[in-house]
Amino acid sequence: MFEDRRLDAGGIACHVLVDGGRAVSPRFVFRGYDDDVHGPFVRPHLDAEGKLYGRFSALLIEAPGGMVLVDAGMGAFAQDLDAGHLHEELDALGVRPWDIRIVVITHGHADHVGGLLDPRKKPSFPDARHVIHRHEADFWASDAAGELPDDAGQPALLALHALLEADLLDVIAEDIDVVSGVHAIAAPGHTPGHLAVVIGGALLWAGDAIVSPLNAIHPEWVSAADMDPTANEATRRALFERAVDNGLLLAASHMPMTGSVLRRGLAYELTI
């Protein structure tokens, strides 16, 4: 659990923090799963129960302007899942909650915002500004989010309320440098205001816009969790293109690897 998953982003040290993980049906990872179409690519990655394992992870950035955390894991919303370990991961690196200066919220799903709250439902990072896109904040505060099954909107709503009450929330409407060397960019589709992050002009953290290495070969294979599949495919292609054009390493919340991106016709190749 505690090996140092360090990445170098143009001289800025980054650490992948593994909050946990779970195995899911390939029908969740690839919407409209058809074994004749998807199977030849997907079957080599299935476990003995025919499932795909994916990690829940966040990113810690040792930026010159202070520690930046991208997402916060599942927290108390892990329930019976093997998750909610982000704060243990920070402890293993000698980082305390009050050391974090900026938290970038890529989007409002529970495995990204649950850890924003401590056991008292107060902000876990009391000295940090929390950055979220306006479209994302608006969605999770909307009636539509409240009508999602299984109370899926509750973690984000609780986190937003707590952050607003503590005056720790910054809502953005355009791409910005949250600190020097850390650039938050719009990457909508998985959710309405999903963000990705470019660090040091060298590393692209795609959040949940890209969920599998197979998305490079088939950017059109969107997931069941993508709220706007068409927009997310466009975002994926734009992120892959950005990585190719700028020579960026690519990493993402649920992918088990970090790699370079090559253009292959209308698709891409991800290489370690």
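**Entry 1: Asp170 and its partner**

I began at Asp170, which is partly exposed at 27% relative accessible area. I am working on a predicted model, so I keep that in mind throughout. Which side chain does Asp170 meet in a salt bridge? I found Arg129, with 2.7 Å from N to O. The two partners lie 41 residues apart in the chain. Arg129 sits in strand E6, residues 129–133, and Asp170 in strand E7, residues 169–172, so I noted the pair as a link between distant parts of the chain. I then checked the cover on Arg129. Arg129 is partly exposed, with a relative accessible area of 28%. A network came up next: Glu241, Asp245 and Arg263 are joined by salt bridges that share partners.

**Entry 2: other salt bridges**

I took the total next. The count comes to 10 salt bridges. As background, side chains of opposite charge can pair when their charged atoms come close.

I looked at Asp35 and Arg43. They form a salt bridge, with the closest N and O atoms 2.8 Å apart. Asp35 has a relative accessible area of 37%, which puts it in the partly exposed class. Arg43 is also partly exposed, at 42%.

I then turned to Arg120 and Asp118. Their closest N and O atoms are 3.0 Å apart, and the two form a salt bridge. Arg120 counts as exposed at 63% relative accessibility. Asp118 is buried at 17%, because the cut-off for buried is under 20%.

**Entry 3: the largest pocket**

I moved on to the largest pocket. Its volume is about 1,300 Å³. I listed its lining and got 44 residues. Which of them lie nearest the centre? They are Arg22, Phe28, Phe56, Asp111 and Ala225.

E3 gives the most, with 4 residues.

I sorted the lining by class. It has 26 nonpolar residues, 10 polar ones and 8 charged ones.

How many of its 12 residues are buried? I counted 10, and E3 is mostly covered.

I checked the pairing on each partner. E2 and E3 run antiparallel and are joined by 10 bridges. Within that pairing, Val18 stands opposite Ser57 in E3. E3 and strand E4, residues 66–70, also run antiparallel, with 5 bridges between them. Here Glu62 stands opposite Met67 in E4. E3 and E4 form a hairpin, and 2 residues lie between them.

I then looked at the E14 end. Strand E13, residues 259–264, is joined to E14 by 5 bridges, and the two run antiparallel. Leu262 stands opposite Glu269 in E14.

**Entry 4: positive phi**

Last, I checked backbone angles. Most residues other than glycine have a negative phi. I logged two residues with positive values.

Lys121 has a phi near 65°, and it is not a glycine. Where is Lys121 found? I placed it in the loop between H4 and E6. Lys121 is partly exposed, with a relative accessible area of 44%.

Asp167 has a positive phi of about 55° and is not a glycine either. I found Asp167 in the loop between H7 and E7. Asp167 is exposed at 55%, because the cut-off for exposed is over 50%.

Technical notes:
Residues numbered from 1 in each chain as written. Predicted model: local features only at pLDDT ≥ 70, side-chain atom pairs only at ≥ 80, totals over all residues. Heavy atoms only, no water. 1 Å grid on protein atoms, 1.4 Å probe; cavity = no way out; pocket = protein on both sides within 12 Å on 5 of 7 lines; lining within 4 Å. Points joined across faces, edges and corners; volume = space filled by probe spheres on them. Nonpolar A, V, L, I, M, F, W, Y, C, P; charged D, E, K, R; others polar. Salt bridge = Lys/Arg side-chain N within 4 Å of Asp/Glu carboxyl O. Buried < 20%, exposed > 50% of the residue type's maximum accessible area, 1.4 Å probe, protein only. Pairing = 2+ DSSP bridges.
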